[in-house]
Amino acid sequence: MAYEGELNELKGQLKQMEEAFLSQQKMMKQMETLALSQQEQIKELKNRVETMSEKPVTVAKEEIKENVKQEVENYLASDEAREIPGLGLSGASLMEWRRTEADICDVSYTPDDSSYALHIGTSDDKYSLNIGGRLQMRYQFNDKDEDFGGVDTQNIDVRRARVYMGGNIYSKMLHYYWAIDADSFNVSLRDFYVYFTPYKELNAKIGYFKVPFNRERVISSQRLLFQDRAIASDTFDQDRDYGLDIYGKPFDGHIEYHAAIFQGAGENPAKRITGKDENLDNELMYVLSLRYNPLGKFNYYDGTDLGYSETLKATMGASVAFNGKEKDVKRDDADVIVGVADFGLRYRGFSWDSEYYMMTENPESNSGGDSIESDGFFTQAGYFVIPKKLEIAARYSMVDPDDDVSNDIQREYTAGVNYYFRGHRSKIQADFGTFITEQGSEQDKRENKYRLQYEIAF
């Protein structure tokens with residue numbers, strides 16, 4: 001009996017082992033099938049990687065986009081999606097979704113862009129909105145001439161605080177831009193214009209914007225070599241105005257021209273009284289400008305060589321404004337003609353810019369008086385001691401407000417140092433300037449200015 005019981009136990013163990021073996025064989029077959037399937041998938045993925053590597057990146061992105069789009073369409077049209085309230089799409093709804101696919105917006109943060117920090121745009125590039133802002137905080141100490149009753153002053157001020165938006169609308173060729181200015185907390189609309197760019201050779205701008213006269217004025221205050229423009233630029237520039245500008249850059253950027261017409265009022269003092277810019281003498285301002293870049297495209301919207309030009313870049317230009325303004329003020333008793341010629345160089349961190357101005361003021365026939373001729377210029381240079389980081393700069397500027405009057409010349413001597421944390425988006429500038437005004441037989445009037453400014457764009 002004991003023998004029979006032991007035999008039955010052995011038979012039971014044998015059966016269990018056979019069943020386990022059969023189960024293991026089944027699992028091995030399944031694993032083998034899975035391994036073959038994975039091998040096929042690996043092979044297919046390798047082929048796709050090789051194919052995508054041979055294609056341009058833009059083509060690969062479009063292929064991925066189409067694949068995702070197809071997968072989404074398939075899912076939305078499936079029975080599973082229809083069972084989820086509000087998710088399933090009918091055939092008509094699916095067609096509507098396909099039609100509006102081009103209107104999907106792309107939102108991106110662009111902290112390394114030269115101006116903007118936020119970009120919103122449609123995938124077809126017909127609509128876009130770029131948003132940015134910047135702040136300049138400045139400390140300034142004025143050492144005034146005690147011989148002329150001057151009292152030293154110091155101040156901490158928000159020199160510039162601006163928010164701006166720009167982009168395109170309806171097509172890739174129609175653009176817009178506007179900026180809100182809060183300098184000294186007097187909030188106002190700084191710029192607002194639209195511009196149409198169908199060709200490099202022929203474009204148009206309309207609205208309120210900087211007059212395309214002298215190059216240093218056209219450069220944004222965010223990208224100046226010094227914290228402020230030269231005294232000659234402040235005296236003769238035409239600043240902003242309401243107008244129309246026809247411009248272009250033919251011959252692959254070697255030439256640039258502007259033919260513009262403006263109201264001519266600018267920031268007229270009458271605005272403070274009437275609340276609007278008035279054309280006091282009912283005459284418009286006309287501006288013609290021509291520029292030549294002998295060595296190819298020149299980035300004259302930057303007063304430095306922060307981009308570190310590997311090849312020599314040069315520009316030379318001239319502009320004339322008929323019925324122009326004097327210190328951005330409309331003259332209603334004189335016909336003013338202003339001209340400027342400029343020259344600039346950029347090479348491996350070195351920048352050099354010079355501008356020479358001439359102005360003629362002819363009195364109106366019924367106002368009497370004599371004609372006044374004045375001129376001025378500035379020359380300045382900067383060099384990056386540490387490429388794209390540490391820059392030193394020097395400037396000399398002169399203004400002769402009346403060529404027929406002696407000993408009335410104004411002079412500026414300024415030296416500075418700039419350190420760039422993140423290009424023009426985050427930088428600190430320090431400079432020291434001496435400003436001298438001749439006083440005839442008296443001792444010249446002298447004022448020293450010490451300035452320290454931090455700028456951040458966001």
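G349 is buried, with a relative accessible area of 0%; buried here denotes under 20% relative accessible area, exposed over 50%, and partly exposed the range in between, computed with a 1.4 Å probe and protein chains only. The structure is a predicted model, in which local features need pLDDT of at least 70 and side-chain atom pairs count only at pLDDT 80 or more, while totals for chains, interfaces and linings use all residues. Residues are numbered from 1 along each chain as its sequence is written, and side-chain values use heavy atoms, with hydrogens and water left out.

G349 is located in the loop between β14 (334–347) and β15 (350–363); helices (H or I, at least four residues) and strands (E, at least two) are DSSP runs, numbered from the N terminus. When neighbours within four places in sequence are set aside, G349 is in contact with D305, Y308, G382, Y383 and F384, contact being defined as heavy atoms within 4.5 Å. The C-alpha atoms of G349 and G307 are 7.5 Å apart in space, although 42 residues separate the two in sequence.

The structure contains 20 salt bridges, each defined as a side-chain nitrogen of Lys or Arg within 4 Å of a carboxyl oxygen of Asp or Glu. One of them joins E455 to R134, with the closest N and O atoms 3.7 Å apart. This pair links distant parts of the chain, as E455 belongs to strand β20 (residues 445–457) and R134 to strand β3 (residues 128–143), 321 residues apart. Both E455 and R134 are buried.

D239 forms a salt bridge with R217, where the closest N and O atoms are 2.6 Å apart. D239 lies in the loop between α6 (231–236) and β8 (240–248) and R217 in helix α5 (residues 215–218), so the pair ties together parts that are 22 residues apart in sequence. A salt bridge also connects D239 with R240, at 3.6 Å between the closest N and O atoms. D239 is buried, with a relative accessible area of 13%, and R240 counts as buried at 6%. Elsewhere, R138, R159, R160, D228, D431 and R451 are linked in a network of salt bridges.

D403 is situated in the loop between β17 (390–400) and β18 (410–420) and is partly exposed, with a relative accessible area of 37%.
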